[in-house]
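Good morning, and thank you for making time for this presentation. Please look at the sequence and the structure on the screen before I go through them.

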Amino acid sequence: MSTIRGHAAAQAAFDAAAASGQIHHAWLLTGAQGIGKAAFAREAAIGLLARSAGHAADDRTRSLINAGAHPDYRILERLPKDGKPDGDLARSITIAQVRSLQPLFATTPSLGPRRVVLIDAIDDLERAGANALLKNLEEPPAGTVFLLISHAPGRLLPTIRSRCRLLRFEPLAERDMRTVLADLLPEASVEEQDALVRAGCGAPGRALRFAGLDLDKIDAALGTIARDGDRTNAERVKLMRALSLKAAQPRYEAFLDRVPTFLAEQAPYRAGEALRDALDAYDEARAIAASARSLSLDPGGTVFELAGVVARLAR
């Protein structure tokens, strides 16, 4: 699993369990969304199945999984609505998907003594599906290892949590974030990568959502407004015009995500009344961004209002 960047503690714990030959049958991988849990789980599955089949290298196992053809590997995830590959995803993983595992469990693994079921994410499992899965966790099929990804483990059934070994994932260090983004976005400028590192908050998946959206320019504008107060509204108007066009919708969405985080980043550098201003601005920006999405507020007006909240930091 050397292809995984960071998460050394989680990797060491899992590798030690796998090497012992007494690996727990269910693992709950927890941490922020986009932090790398799914990539880790996939590599873990490849390693387990390669060793199970007696392969010195994992190339054949990886190829079979990439082709969706490994007989001892299943992944449950939200499927596209109406079966359209490019359509929106369903709201949940259904009980039918969980039940589809039963024929697999009725047979022995094909290429070795072990099979792996990965669920990404178990948070998306509908209640009936969670109850159906619980039966498999209580009486695990022989040789089966469950890898359950969760962004919010507190919302899971306590009976599911109690049957899993917990594997926690922490935000990546800045150095690891930079390495991951440099590998995935080799064409990105230094300025863009800097902005993505800040926006990612230790989660590469979150950072990648902003790739190609000129986030560095948004950050630069927010920095100018926070420093100078934008007393003439020139910067706010410029942002409003740039982000309110229909073609700019992805950048507008990035702006809604970025402003609260930008404000939170200011708090460590403030004290007293200035700190209170930053914290109040953060709370207000979160509320405005949430309302903008739920109520489909006018983008131009929302951008101007959020930029105004940032401007208060200059007081």
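In this predicted model, the count of aromatic pairs comes to 4. One of them joins phenylalanine 40 and phenylalanine 169: the ring centres are 4.9 Å apart and the planes stand at 80°, and because planes over 60 degrees apart count as edge-to-face, this pair belongs to that class. As a reminder, a pair of aromatic rings is described by the distance of the centres and the angle of the planes.

Where do phenylalanine 40 and phenylalanine 169 lie? Phenylalanine 40 is in helix 2, whereas phenylalanine 169 is in the loop between strand 5 (165-168) and helix 8 (174-184), so the pair ties together parts that are 129 residues apart in sequence. Both phenylalanine 40 and phenylalanine 169 are buried. They also belong to one aromatic cluster, which is formed by Phe14, Trp27, Phe40 and Phe169.

There is a further ring to mention. Arginine 236 lies over the face of phenylalanine 304, at 5.5 Å from the ring centre.

Let me turn to the largest pocket. Its volume is about 370 Å³. The lining of this pocket consists of 18 residues, and those nearest the centre are Gln33, Gly34, Asp120, Ala121 and His151. Two or more lining residues come from each of helix 2 (37-52) and helix 10 (204-208). Which element gives the most to the lining of the largest pocket? That is helix 2, with 3 residues; helix 2 is also the element that holds phenylalanine 40. By residue type, the lining of the largest pocket divides into 7 nonpolar, 5 polar and 6 charged residues.

Is threonine 261 buried or exposed? Its relative accessible area is 14%, and because buried means under 20%, threonine 261 is buried. Leaving aside residues up to four places away in sequence, threonine 261 touches Cys201 and Arg206.

Finally, the chain as a whole. It has 15 helices and 5 strands, and its C-alpha atoms fill a box of roughly 70 × 40 × 40 Å along the principal axes. Of the 315 residues in the chain, 44% are buried. Among the contacts with a separation of 6 or more, 70% are accounted for by residues 24 or more positions apart. Thank you for your attention.

Key: Residues numbered from 1 in each chain as written. Predicted model: local features only at pLDDT ≥ 70, side-chain atom pairs only at ≥ 80, totals over all residues. Heavy atoms only, no water. 1 Å grid on protein atoms, 1.4 Å probe; cavity = no way out; pocket = protein on both sides within 12 Å on 5 of 7 lines; lining within 4 Å. Points joined across faces, edges and corners; volume = space filled by probe spheres on them. Helix = DSSP H or I, 4+ residues; strand = E, 2+ residues; numbered from the N terminus. Nonpolar A, V, L, I, M, F, W, Y, C, P; charged D, E, K, R; others polar. Phe/Tyr/Trp six-rings, centres within 6.5 Å; stacked < 30°, edge-to-face > 60°. Buried < 20%, exposed > 50% of the residue type's maximum accessible area, 1.4 Å probe, protein only. Lys NZ or Arg CZ within 6 Å of the ring centre and 35° of its normal. Contact = heavy atoms within 4.5 Å.
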